[in-house]
Structure formats: structure tokens, C-alpha cells
Amino acid sequence: MNKIVIEVMPKVEILDPQGKAILGALKRMGFNNFTEARQGKRFELTVDGEVTDEVLKAAHEAADKLLSNPVIEAVVNVSKMD
Amino acid sequence: MNNIFEETVRKDNEEFEKLMSGSLDDLLNNDDLNKNEQNDDIKIGVITFPGTLDDKDAMRAVRLAGASAVSLWHQDQDLKNVDAIVVPGGFSYGDYLRCGAISRFAPIMEKVVDAANGGMPVLGICNGFQILTESHLLPGALARNNHQKFICKEQSLRVENNNTAWTNRFGNKEEIVIPLKNGEGRFTADQKTIDELEGEGRVVFRYIDGNPNGSQNDIAGVTNKKGNVVGLMPHPEHAVEKGFGTLALGEEKGLRNRIDGLRFFQSTIDYLVNKVGE
């Protein structure tokens, strides 16, 4: 079975309170190398057959219509999972 | 002075005894305590999605305001001839994916979008507001509160637009108190959208006495271009009955007799009655 990966991130200009909380925890734990943390979402969609261009196009459409909200989020990756 | 006090206590006790002597069912259905002019022929639908919490409160608010409440189910294909619609609060579909994102594609929402575009009054409360933004009936999005915490408080608001189908019973710039309870209520939109909303008077409610969640321009609620669709994060249906409403503006204790929420529902009844009369 083939899979398509879709990744969605909060837009750069939108405040990501979850990311900020994560960065705070990292610092408290002694991870001082990191200056920023942002949290996004990863979706895996499974198809029966091959991942054709048509299937990828449908995945892009699903990403734009349902899996992300363009007001606050950006689709950063739609690709076949290796 | 004492006599007035005693008289009040006596009346309250009588009322209490009267209530308690009935069955529990009578008590739960007793909407007589602050009954309004009845407009039973006006039907206001309240949608229930899996995970909706405040549908019963919203229906009760509709009845207290004087209209008939009609329960609508998310899988319904028709709107049962309602004259207006409330999309209530809660956690529809468990807030999975994004708040309101899955509800937007429920069968009934297609009908709601068509009806709203045709001018039917639609009110989105909290999760309902999130659903209306996801449905593109209202602009912007509701992001996680900037402080990451769930809020539950009585919130002061300023009515910035009293010309909508849901706010005509308020004064211009009137300050009101409505309960607020949410984790993702930070109104967010790009600058162009914010400028448009501000320029066209489409910010309906603004938080006052402090911004509770980091909303842009302190926005608590907005409307569409026609003014028939309104969405807000605070919960008017939780302030519709004396004794169970909110404290007075600026008060820290006392009787919860403030019922600003009722006027949302009375507004739309007025709006519908006047429209029929036109």
C-alpha cells in the first residue's frame, strides 16, 4: 500500500502558543541550542494503487479544502511516502 | 428599609415554594419566570453536532425570548422551515483536525450556507463561530488563546454594531456582560481583512477591560456584509434568566441578574417580525 504525506504548519506570521510552550519546556530541560519551536500536523493518506499525478492532485485538493485552514495555516509538503 | 427587605424575602420564598411543589419536569420546563411576548410562529433552529454542548441552553434561550425552538440534527437535509438558525457552542467532532473543520462538511451546513446567503439570520456561538468561519460565512479564523489556557469568565463587551439581525436590541456602543469559555478564541485574520471589517463596521463586539485571548483588535464577534450572520466567542445563551445570568458590569459579587444574552434572541425575533410586516 502506498502512502501520501501531507504536512501543515501554522503560518510564520501567526503566533504559535503551543510552539512557545514547547520552547519553554525545552529550555527548562536544558536544551539550550534551540531558539524557536513551532508545532504543525502530519497526515498520512493511504491509497490502494499507485500514487499517480491524479492521486497527488486530489491530495493537494484535500490539503487545501479540509486538512488546512489557509487563514492560519500553510501546506508545506504533499508527497509520496518512500 | 427592613420591611422592603422582608417583603422581598417573603416573595422569593413563595416563588421558591411554588417551584418546588411542582414536579422536576415542571421545574425544568418552567420558562415563566421571565416570560417575553410570545411569537410562537417564529421558529429558530438550533443545530446539534456530535460533541455539541450548549444546544439545550440555546433552545431554552430561544423559548425564553418568546419564539419556538426547533432542534436540527447535523445529518438533516432540510431546515424544517425555521426562520433563523443558531449554531451553538461545544466541541463538535471533538475539535478534531481544527475546531469546526469537520462540522463544516456536515450535510446540514450546505443548507445553512445557502440560507445564510439568502439572508436568513444565523448566529454562531463559540464553536458555532468557529464553524461559520470554517464555512466561509464569516471571515478570519479562531486560533489558540495566546496564553494557552482555557478561559471561563464573565466578559465585558462593547456592542460596536447594533444594526445586525442579532444586535438591534442593544444601544450603540452599549457595554454588556456575557460569559466566555473557550481554549481557541483568538480572532485572527490578515491585515486586509481586519481593515475591511473595521472600515465596514463589521466588528460587532469588542472585548473591554482587557483582551482575554490575544484577539486582533480585541475582536470578540463579527458579522457578514449583509448583517444577517453574526459570530462571537462569548455565550449569550448562558445569560438569559435572572438569577442565572451574570453579575452587573464591574461588580465582583451579588446576584447574577444581568441577562444581556436574552437580547440577542429578542433582536432576531424583532428583526423577523418587522421583516414579515414589511
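Q: Which helix of chain B holds Asp270(B)?
A: Asp270(B) is found in helix H7 of chain B; helices (H or I, at least four residues) and strands (E, at least two) are DSSP runs, numbered from the N terminus. This is a predicted model, in which local features need pLDDT of at least 70, side-chain atom pairs count only at pLDDT 80 or more, and totals for chains, interfaces and linings use all residues. Residues are numbered from 1 along each chain as its sequence is written, chains are lettered from A and ligands numbered from 1 in the order in which they are written, and side-chain values use heavy atoms, with hydrogens and water left out.

Q: Is Asp270(B) buried, partly exposed or exposed?
A: Asp270(B) has a relative accessible area of 26% and is therefore partly exposed. Buried means under 20% relative accessible area, exposed over 50%, and partly exposed in between (1.4 Å probe, protein chains only).

Q: And what does Asp270(B) touch?
A: Not counting residues up to four places away in sequence, Asp270(B) touches Asn168(B) and Arg169(B); contact means heavy atoms within 4.5 Å.

Q: Phe264(B) next: which residue does it pair with?
A: By the rule used, rings of Phe, Tyr and Trp (its six-membered ring) pair if their centres lie within 6.5 Å; planes under 30 degrees apart count as stacked, over 60 as edge-to-face and the rest as tilted. The count comes to four aromatic pairs over all chains. One of them is tilted: Phe31(A) with Phe34(A), at 6.3 Å centre to centre and 35 degrees between the planes. Phe264(B) forms a stacked pair with Phe205(B), at 5.3 Å centre to centre and 25 degrees between the planes.

Q: Why does that pair tie together separate parts of the sequence?
A: Phe205(B) lies in strand E9 (residues 203-207) of chain B and Phe264(B) in helix H7 (residues 262-277), so the pair ties together parts that are 59 residues apart in sequence.

Q: Switching to the interface, how much area is buried between chain B and chain A?
A: About 1,200 Å² is buried, of which carbon and sulfur atoms give 63%. Buried area is the accessible area (1.4 Å probe) that two parts lose on being put together, summed over both. In chain B, Leu97(B), Arg98(B) and Gln148(B) lose the most area to chain A, together 40% of what that side buries.

Q: How many salt bridges cross the interface of chain B and chain A?
A: The rule finds one, where a salt bridge is a side-chain nitrogen of Lys or Arg within 4 Å of a carboxyl oxygen of Asp or Glu. The side chains of Arg98(B) and Glu73(A) meet in it at 3.7 Å, N to O. Arg98(B) is buried, and so is Glu73(A).

Q: What about salt bridges over all chains?
A: The count comes to 25. Among them, Arg144(B) and Glu184(B) have their closest N and O atoms 3.2 Å apart. That pair links distant parts of the chain, 40 residues apart: Arg144(B) is in the loop between strands E5 (141-143) and E6 (151-159) of chain B, and Glu184(B) is in the loop between strands E7 (175-182) and E8 (186-188).

Q: Where is Thr223(B), then?
A: Thr223(B) is in strand E10 (residues 219-223) of chain B. With a relative accessible area of 1%, Thr223(B) is buried. Its contacts include Leu138(B), Asn161(B) and Val230(B), not counting residues up to four places away in sequence.
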